[in-house]
Amino acid sequence: MANSIAIYIHFPFCLSICPYCDFDRQASGFDRIDVYLAAVEKELGRYAHSGEQVHSVFFGGGTPSLMSPAQVAHVLQTANDTFEIHKDAEITLECNPGDADLQKLLRLKQVGVNRLSFGIQSLDDDVLELLGRRHSSAEARQAAAWAHQAQLNNGFNLDFMFGLPGQSLAHWQATLESAIALEPDHLSCYLLTVDERVPMGRDVARGKLVLPVDDDLAEMYVLTRDRLAQAGYEQYEISNWAKPNRASRHNLTYWRDEQWIGVGAGAASSFGGRRWKNSPVLERYIESIERDGRAACVEDEQTDRATSMLDFITLGLRLREGIFLSRFQARFGVDLLHTLGETGAWLIEMRLLELDGDRLYVAAEHQLITNEILVRLEEPLRNANQVRRETSAPQIAVR
């Protein structure tokens, strides 16, 4: 699967907007869903005859579970007509627990979905209300039970957040125990981050909501790592745990800095040496597809060597497997340890980074300061590439 890609399909519609969410989404325009999906399929069709093989398809949002199984089937058929999707490809659909019922899950399975991801976030009804979630804790538990009954080939994931306003370590521990009791195949446990542009971020900035302090967050994270390991979950990324052989192939596409194509309003792509993001404005997206056959973009760049190397390292070091030196050498034609120079040697000497044969990874006890480690690596990478640019003939990027 080394040369295969992933497909991301964005469905931006939500029945309500959560106060912490800064994703590209909207709680209006529902009468445009059919027109929107037709545009998504037309955008997919741009890649006809590309010959690309696909190892994963991910319906994200927004709230993709607002789509009917028939709509999901139609989009998947277009994807199948456009790409060579592997028979064992992971096909995930994000689902709001309140939108689930057993018959719908079985129908989604029938049309090709083989993995579900539920945005649970909490199993405390008061917290769910604070977070603006549409589901109750009872609905979340019922959704997990139905997912077990549906017996999807690639199982299901539950998303949770910690570091919530007013949350204690004991509260998070109780949430974690309840999550484990639901027996998901995969758990994503994210630290709440809020932007001042969203309602919850503004409330935090004004002091109306108080987030846990850093020491408490560290305790919550260590508890998560240790307790999930005891329960048989393997950590494969800073915020992701899975039962053996249940790590998300789609997630790994991002963290291994592999290629993916995103379609839909606000969808991002990294493909063919370019990175771009479609316009998140629904009508602008639809109009550009209908007029030009391609989406209007708000970002579009051909990455330079320094950025590509930095991306490979900063993404890869989020994984517990870390970076394989041989893969770095094969991709960039230089030795990683030599490139990182004295800074890399110091990080290894201080045991912030660990070297194990062909693997370089962040030491388990220092995962919480991964960002600080990555900042230290930026300068030697920039310097190494500056030297290379000064001693190499100029190259013109052709798009």
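Author: A residue is called buried when its relative accessible area is under 20%, exposed when it is over 50%, and partly exposed in between. The structure discussed here is a predicted model.

Reader: Why is Y8 called buried?

Author: The relative accessible area of Y8 is 14%, and the limit for a buried residue is under 20%, so Y8 counts as buried. F58 is judged by the same cut-off: with a relative accessible area of 10%, F58 is buried too.

Reader: What makes the rings of Y8 and F58 a stacked pair?

Author: Among the 13 aromatic pairs that the structure holds, this one has its ring centres 6.2 Å apart and its planes at 20°. Rings pair if their centres lie within 6.5 Å, and planes under 30 degrees apart count as stacked, so the rings of Y8 and F58 meet both conditions.

Reader: Which parts of the chain does the pair of Y8 and F58 tie together?

Author: Y8 belongs to strand β1 (residues 5-11) and F58 to strand β2 (residues 53-61), so the pair joins parts that are 50 residues apart in sequence.

Reader: How do you know that the pair of Y254 and W260 is edge-to-face?

Author: The centres of these two rings are 4.8 Å apart and their planes stand at 80°; since planes over 60 degrees apart count as edge-to-face, the pair of Y254 and W260 is given that name. The two residues fall on opposite sides of the burial limit, because Y254, at 22% relative accessibility, counts as partly exposed, whereas W260, at 16%, counts as buried.

Reader: Why are β13 and β14 said to stand at the edges of their sheet?

Author: The three strands of this open sheet follow the order β13-β15-β14, with antiparallel pairing. β13 (323-324) and β14 (353-356) each have a single partner strand, so one side of each is left without a neighbour in the sheet.

Reader: How do you know that β13 and β15 are joined?

Author: Strands pair when there are at least two bridges between them, and two bridges join β13 to the antiparallel strand β15 (residues 359-362). F324 stands opposite R359 of β15.

Reader: What makes Q235 a buried residue, and which backbone oxygen atoms does its side chain reach?

Author: Q235, which lies in strand β7 (residues 234-237), has a relative accessible area of 16% and is therefore buried. Its side chain reaches the backbone oxygen of E237 at 3.2 Å and that of I238 at 3.1 Å; a polar contact requires N or O atoms within 3.5 Å. Beyond four places in sequence, the residues that Q235 touches include Y221, W241 and R320.

Reader: Which residues have the most contacts inside the largest nonpolar core?

Author: F59 and F118 have the most contacts inside this core of 70 residues, to which helix α1 (residues 33-45) gives the largest share, six residues. Another core, of 20 residues, lies apart from it and has F312, I313, F328 and L336 among its members.

Terms used:
Residues numbered from 1 in each chain as written. Heavy atoms only, no water. Core = buried A, V, L, I, M, F, W, Y, C linked by side-chain atoms within 4.5 Å. Buried < 20%, exposed > 50% of the residue type's maximum accessible area, 1.4 Å probe, protein only. Helix = DSSP H or I, 4+ residues; strand = E, 2+ residues; numbered from the N terminus. Phe/Tyr/Trp six-rings, centres within 6.5 Å; stacked < 30°, edge-to-face > 60°. Polar contact = N/O pair within 3.5 Å; in protein donor to acceptor, adjacent residues only side chain to side chain. Contact = heavy atoms within 4.5 Å.
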